[in-house]
Amino acid sequence: MGWILSDAHDHYDPKAIEDFARFPELRFLDTYHWICPWLLGTATFAFGIWTGIGGWEALVWGFVISTVLLWHGTFCINSLTHVWGTRRFPTPDQSRNNLVLALITLGEGWHNNHHHYQASCRQGIRWWELDPTYYALKALSWIRIVRDLRPFPAASAPR
Ligand SMILES: [Zn+2]
């Protein structure tokens, strides 16, 4: 929890990711990172009132609890996938691939693949390694909402 609550990492070195600085929407989101959660929370509250569920009930279940579960799913990747699973690549970090965690986190559980080639947007590299996040990115690329996806390099893929 410490690194979530700490403000020690609020700022970053823009020179380390200069390619991101070309996108005004990313700079906007970095500066005003609080806007999207507030909009989502407000919309969830309004949705609860509009549907008769109740504003507070909708806010607690549709925003607060769902966000806490999302965080736990996301953050467990950096701990549990260094403990449980199988290792395809001999990376120096003990990272592992784990089907259960990949299902819970929409593909992030293929963590050993990720550590082996971190620039790839695709983490499940075999057909049976389900990676819904990659499928969504690929679909968005077909309608040109995202572009320049970096696949897993063929030279790096297992035989
Ligand atoms: Zn890791």
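Predicted model: local features only at pLDDT ≥ 70, side-chain atom pairs only at ≥ 80, totals over all residues.
Local features were required to have pLDDT of at least 70, and side-chain atom pairs pLDDT 80 or more, while totals for chains, interfaces and linings use all residues. Residue numbers start from 1 along each chain as its sequence is written.

Helices are DSSP runs of H or I with at least four residues, numbered from the N terminus. Helix α4 covers residues 55-80, 26 residues in total. Its first and last C-alpha atoms are 35 Å apart, close to the expected 38 Å. The expected span is 1.5 Å times one less than the number of residues. The helix is kinked by about 30°, with the kink centred on Ser66. The bend at a residue is the angle between axes fitted to the seven residues ending there and the seven starting there.

Ala58, Leu59 and Ile77 are the buried residues of α4. A residue is buried with 20 or more other C-beta atoms within 10 Å of its own, exposed with 12 or fewer, and partly exposed in between; C-beta atoms are placed from the backbone. The buried residues of α4 pack against α3 (35-51), α5 (99-104) and α6 (111-116). Contact requires C-beta atoms, placed from the backbone, within 7 Å.

Most residues other than glycine have a negative phi. Leu106 has a positive phi of about 60°. Leu106 sits in the loop between α5 and α6. It is partly exposed, with 17 other C-beta atoms within 10 Å. Asp148 also has a positive phi, near 55°. Asp148 belongs to the segment after α7 (132-142). This residue is exposed, with 7 other C-beta atoms within 10 Å.

Technical notes: Helix = DSSP H or I, 4+ residues; strand = E, 2+ residues; numbered from the N terminus. Contact = placed C-beta atoms within 7 Å.
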